[in-house]
Each structure stands twice: as structure tokens, then as C-alpha cells.
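Colleague: I would like to go through the side-chain contacts in this model. Can you take my questions one by one?

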Amino acid sequence: MTGMPNAMFNQRLDQLPAYPFPRLAALLEGLEPGKTPLVMSIGEPQHEPPAMITEAMVKYASLWHKYPPGNGTPELRSAIKGWLDRRYNLPDGMIDRDAHILPVAGTREALYLIATCVIPQDQPGPKPKVLLPNPFYQVYCGAAVLNDAEMVPLAADPETDFLPDLDQIDIETLKACRLFFLCSPANPQGSVASRDYLERIIAMAQEHDFVLAMDECYADIYDREAPVGALEICAAQGRMDNVIVFHSLSKRSSAPGLRSGFVAGDPVIIKRFNALRSYCSATIPMPIMAASAELWADDAHASENRDLYRAKIDVAQEIFGNRFGFYRPPGGFFLWLDVGDDEAATKKIWVEAGVKVIPGSYLSITDADGNNPGKRFIRIALVHDLETTREGLRRIADALS
């Protein structure tokens, strides 16, 4: 049986860079791990999920036979509103549970589909641009390319505190921008956008009429101070035009398999997004929505989860000190270590230590000048229990030394 001719496929698929994890498998193919294998390449939380998930699933098992509403249950939207109000100290009445909140089946799909919602098609003039940090969550790239937009990667390296340098964006790019992805706390570097930074980028979105898509999925995992959120800035300004935020229970509640998150913000965007998702998106099953509502209403488990990650950052600081550019990430649960040659270090760590990490260049893209801001780095996910993490980091340090 022969393969289908290329004419039968969306040709833009060929423009996508190789996805990081198959690329990592190819890099390590044929290499034997020197010790018992330990995977620290994937940001998949391994902490025990809260018992309330199972309890809610049992309690609401009778709801499995119901088609779930695409915009979530009122109870779930109310719980999300309550969390947003508490977490970001929002004023009463700013968030309406029905106009400003849209539950989604995990944020991966939502981050991709927002581009389909807001990037105009067959518009005269320059091709629409999608701006994104570099390194980035790969879904941002897919959202841009498969919607026939020009992807504009913005280096997020140590010289810019691992955030895009807003001063380096020229006015013509801003005029053609339709969508700007920003992640704070950032994956992979753990950087956090300051209040001043968010004020500025929100003002840019409103002045040049592009959508700012704030990926805040690591918002409840932080080291010292709770990261500022985009809706906090909107509250101070008294408007949330052009701004939407994405949140998930995957990291906050150690429940990536739940596939439960939400989008919130500009009600005009939310309404259009809901209309799009009615035609193409999976909805969250009713028992999972019930469990999700309980998780968003409970902050204690998120605090305990945060403490577990903080203890692992302590261990990492103890092991690496000031080597390999180590710093305490303000948010998230990744280490972003400067190892000089990311692929060589990844192979060395696998062969000598049996630990799987991911090269930084696999999470980045080479820009028009031939620069890849991830080339010097590796990403290490601190997702295992404390002792397993300690063992893995010791092995990595020994291999790199």
C-alpha cells in the first residue's frame, strides 16, 4: 500500500519543526543508560493527586451518562471565579462567571485553537504575525504555522531575564501582530513577568489591537512570591480588552490526566471562542467538572504541592550551587542549566548517569540570524518525589563534572 500524495494533506504540517520528544528519542537511540533509567525530561507531575478527585468521581458517577455543556457547569464556573478572585485579589463584580470564563479540556487544545479564533483569514495586506517567546511551548508554534500566520520568535535569554525584550519589537511587526503568546511563570526557564512588564505588554495589545494570550498554567507553583497575573493588571486598569488567560489543574493539582483547565478574560473573545469550540472541541465530562470545581475551591492542596516543589529547588541549589548557571526559578518546576552544548550534555548525562533530560534547542527555534537561544541549556523537570529528585540531580551533577 502506497502512501497518500502530499496534495491530500495540509502542506503547512511540513513547516512544523520536529516535536521535542521524538527528537530526543532519536538523539539517544542506540545509547545505553549507564544507570537505572530516570526520566526528568517531561513536565508530568508525579505528586499524589488530591483524594478529592477520586471522591468526587465516585460521588458524581451518575453523571457519566450526560452530555456535558460546552461552557461548563455553573458550579465549575463559579469555583473558577472564586479562585481568580482570591488568587489575584480581583474587585467584586470584575469577573462574571458566565461572560468571562470558559472551561476547557486542558489548555493544550485551547492554546492551539485560540489562533484559529483570532487570526483573520484571507485578509489583504501583510500576513498576520504571531509573536511568541523563544524558547516556547511547542503548541504556540503549531497554532501560528497551521493558521498560516508568520511566526515571530522573540529571544528570551539571560540578558533579558528570560522574557522577550519588548523594546526590540519594531512598529511594523506590532501593526501586523494578531496574537502574542506569553508564558509566566515561563516554561522552561521559570521566569516571571513583573507588574511593569505586564502593564506594558497589555498596553501594546490594546494600542495595536492584537490578542495577548497569557499562559499562566504554573501560576500556583512559585518559589517566594506569587506571580502577578494579567487579570490583576486589567483590574487596576478597569478593562480587560484584548487579554485572555489560560489556567490548568495539571500542575496546580498534580492532575495532568484530568484534562481540565479554563480560559478567562475579554468577554468578546470568550464569546467567539465558545462559538468556535462548539464545532470542534471535546468537552469536560460531568464527573470531572464536579471534581474540578472542588479543586479550584480548595487552596490547601495547592499550597502543599508548592511546598514539595520548593523543597526540591532547595536540593537543587545544594547540589549545583553556582555551577552551570544555576538560579532558583521564581516559578514552575524546571531547572534551566547552562551546559555549553545541549545535545552533547544530554547524551553524556544519559550514558553516564541514566537520566533523561531534554536539550534546550529542542524547545526553541533557530531565528533568522541563525541563533537558537536554547542551544546552551538543558531542561530538567523536578516532578518526582524528593529523594528520587535528589538522586537524579546528583547523578546529573556528577556526569556534568
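**Rings and charges**

Modeller: This is a predicted model. The structure holds 17 aromatic pairs.

Colleague: How are the rings of tryptophan 83 and tyrosine 88 arranged: stacked, tilted or edge-to-face?

Modeller: Their centres lie 5.8 Å apart. Planes over 60 degrees apart count as edge-to-face. Here the planes stand at 80°, so the pair is edge-to-face.

Colleague: Is tryptophan 83 buried or exposed?

Modeller: The cut-off for buried is under 20% relative accessible area. Tryptophan 83 has 2%, so it is buried.

Colleague: Which residues form one aromatic cluster with Trp83?

Modeller: Tyr88 is part of the cluster. Tyrosine 88 is buried too, at 3% relative accessibility.

Colleague: How many residues apart in sequence are the parts tied together by arginine 252 and aspartate 220?

Modeller: The two side chains form a salt bridge, 2.7 Å from N to O. Arginine 252 lies in helix α9, and aspartate 220 in the loop between β6 and α8, so the bridge ties together parts separated by 32 residues.

Colleague: Which helix holds both glutamate 387 and arginine 390?

Modeller: These two form a salt bridge, with the closest N and O atoms 3.4 Å apart. They are 3 residues apart, about one turn, in helix α14.

Terms used. Residues are numbered from 1 along each chain as its sequence is written. This is a predicted model: local features need pLDDT of at least 70, side-chain atom pairs count only at pLDDT 80 or more; totals for chains, interfaces and linings use all residues. Side-chain values use heavy atoms; hydrogens and water are left out. Rings of Phe, Tyr and Trp (its six-membered ring) pair if their centres lie within 6.5 Å; planes under 30 degrees apart count as stacked, over 60 as edge-to-face and the rest as tilted. Buried means under 20% relative accessible area, exposed over 50%, partly exposed in between (1.4 Å probe, protein chains only). A salt bridge is a side-chain nitrogen of Lys or Arg within 4 Å of a carboxyl oxygen of Asp or Glu. Helices (H or I, at least four residues) and strands (E, at least two) are DSSP runs, numbered from the N terminus.
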